[in-house]
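User: I would like a close look at one part of this model, followed by its surroundings. Please keep the wording plain.

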Amino acid sequence: MPTRRAFLTGTAAALAARPSLAAVSETTVTAAPAMAQIVPAEYGPTEVWAYDGAVPGAGLRVAQGTRIRRRFVNRLPQASTIHWHGIRIDNAMDGVAGLTQDAVPPGGEFLYDFVVPDAGTYWYHPHSNTLEQLSRGLTAPLIVEEAEPPEVDRDIALTINDWRLDENAQIAGGFGNMRDGSHAGRLGNYLTANGEGDPQWDAARNERLRLRLINAASARVLRLSALGLSGHVVALDGMPLAVPEPFADLVLGPAQRADLILDVTAEAGEPAYLVSEERDGGYALATFNVTGTASAVARPAPAALPPNRLEPLELSGARAVDLRMEGGAMGGLAEARIGMRHDGGHGGHMGGPVGMRELVENGFAWALNGVAGMPEAPLVEAARGETVRVKLVNDTAWPHAMHLHGHHFHVVGEAGTGPARDTVLMDRGQTVEIAFVADNPGSWMFHCHMLAHQAAGMMTWVRVAES
Ligand SMILES: [Cu+2]
C-alpha cells in the first residue's frame, strides 16, 4: 500500500511528465501572400504564399512530447488547412480538408492542438488544394528534438523546394493541368534550400553537422550526394535507423526526409557541398566554405539516435490487402469508377466505371483499386492495434511516393522489414509490401505525394476503429 506521501510524489511526477493544459501557450501561424527573394536579387522578388511571411516558414523546433497549440489564421484567397506531416497525431488535428476537418475559409481560423510523440524531422503544409498551395510556397519544418540529442557542432534543417517560375521569376500557373497530372507531376525549374538558390555557411574541417533534409517539392525526386562532407544517415522520415548507414547517394522522394550526421572533410580553403544530381549536372543545395579546423582528428562514427516508441510488428496473422495502382500516361487504364475529387472528402455515392476519356474530362488520370479519387469505402477497416499489410502494385509507367497519414510503416522485403517510414518511393512497375500497426484511431489518407498525381485521383484512405 503506497503511503500518501509516495502517492502524491508519484502524482506530481505523472503530472510533470504530461503537458499541462494551462501551461501551454498558444501561438499563431498565418498563411498569406508575401514577396520573397528566392532568385538572385537582380531578378527581383517572387510573389509567393507563405507561412508567417517566409518561404519556407520559420517552422517549429520543440522537445519530444511537447504539446503544440497553434492557431492557424488563413489570409489566403482560398480555403486551407495544415497537415503536420509524419506526426502520429490525433485524427481531428491531421488537417485533411473534407476528411478530418472542414477547410478553413479565407479569413477563418482553426486551433491545432496536439502532442508530438516522436523525435525527428517533420514538416507541415496545406492539405486543401495541396498542389497549388504547396507549389506556391506553403511549407515549413517541424523539428522535434530528442531528450538526449547526438553531439554535433551544428544542427541545420534544409527545406528543399522546387519552383516552377516564369521568365519574370513569378510562379507559373496551370496547376492541375493534365500533362503534369498524367506524367511526372509538376516538376519545377528552380531549386531552393531554405528559400535560397545557393545557401552558404562557414564551416571548419572536422566540424560535425547534423543536416535535416526535407524534400518539400511537389514532384521532384532528389538524388543527393556530398563533396567534402562524409558521414551517415541516422534517420529517415523522422524515425531513427537502428544502425546508421554510410551516406553515399541518397534518393529522397517528395515528402521524404533524412537526417544526416556529416563531418567536414574538406581542407581549409576548399568548399564542401550537399549536391542534388540533376539531369544537366549537380546543383549545390548547401555550400560550406571551410575556413579553419575544428579539431585535429576525425571523430568516430555517430551512434544510433534514441529510438521512438513504435508498436512492434506482428506479421503472422496480419490483415493483408492489395492496392493496385493504375493509370497515367502510357498506363493503358481502360476504365475506373469516379470517387471524390477534393483532397480528402469521401462518402459520396460513386457510379459505375467510366472510360479514360471521361476520367480525363473530370480531371482524373490515375486509379487505386479501380477508383479515381477518394473511394466511398476505405481501403481497409482495421481494428485498433491490428497489424495491416498492404501490397502496393505499381502497374503504371511512373514512380510514385505513397504517404500514409497518422502512422509509420515498414517495407517488408525478402531481407526482412525496413525502417519505419511515412512515405515510400516506388519505381514504375515495382511491387512493394508495407506493414504497420494500426494503432491510431480515425480516418487516414493514403495517397501519392506527387501532388499532381494526388489531384488527378491517386488517393485512398484507411480507417482504424476506436477499439
Ligand atoms: Cu504518383
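How many residues of strand β32 (residues 442–448) are buried?

Analyst: This is a predicted model, in which local features need pLDDT of at least 70 and side-chain atom pairs count only at pLDDT 80 or more, while totals for chains, interfaces and linings use all residues. Residues are numbered from 1 along each chain as its sequence is written.

Seven of the seven residues of β32 are buried, so this strand is largely enclosed by the rest of the structure. Buried means that 20 or more other C-beta atoms, placed from the backbone, lie within 10 Å of a residue's own; 12 or fewer makes it exposed, and anything in between partly exposed. A strand is a DSSP run of E with at least two residues, numbered from the N terminus.

β32 pairs with two strands that can be named here. Strand β27 (residues 400–404) is joined to β32 by three bridges, and the two run antiparallel. In this pair, Cys448 of β32 stands opposite Met402. Strand β33 (residues 459–464) also pairs with β32 in the antiparallel sense, over six bridges. There, Phe446 has Thr460 of β33 opposite. Two strands count as paired if DSSP finds at least two bridges between them.

β9 runs parallel to strand β12 (residues 208–215), with seven bridges joining them; Asp155 stands opposite Arg210 of β12. β9 also pairs with strand β10 (residues 190–193), here in the antiparallel sense and over four bridges. Within that pairing, Asn161 has Thr192 of β10 as its bridge partner.

The core comes next. The largest nonpolar core holds 120 residues, and Leu158 and Ile160 touch the most other members. Such a core is a set of buried Ala, Val, Leu, Ile, Met, Phe, Trp, Tyr and Cys residues joined through C-beta atoms within 7 Å. Strand β31 (residues 431–438) gives the most to this core, namely six residues. Leaving aside neighbours within four places in sequence, the contacts of Leu158 include Ala193, Leu211, Leu213 and Leu285. Contact means that the C-beta atoms of two residues, placed from the backbone, lie within 7 Å.

Thr46, found in strand β2 (residues 46–51), is another buried residue, with 23 other C-beta atoms within 10 Å. The C-alpha atom of Thr46 is separated by 5.2 Å from that of Gln170, although the two residues are 124 apart along the chain. Beyond four places in sequence, the contacts of Thr46 include Ile38, Leu165 and Gln170.

Finally, the domains. The domain assignment, automatic or from a database, gives domain 1 (19–145), domain 2 (154–293) and domain 3 (319–464). The C-alpha centres of domain 1 and domain 3 lie 24 Å apart. Between these two, 15 residues of domain 1 are in contact with 19 residues of domain 3. On the domain 1 side, the touching residues divide into six nonpolar, seven polar and two charged. Ala, Val, Leu, Ile, Met, Phe, Trp, Tyr, Cys and Pro count as nonpolar, Asp, Glu, Lys and Arg as charged, and the others, Gly among them, as polar.
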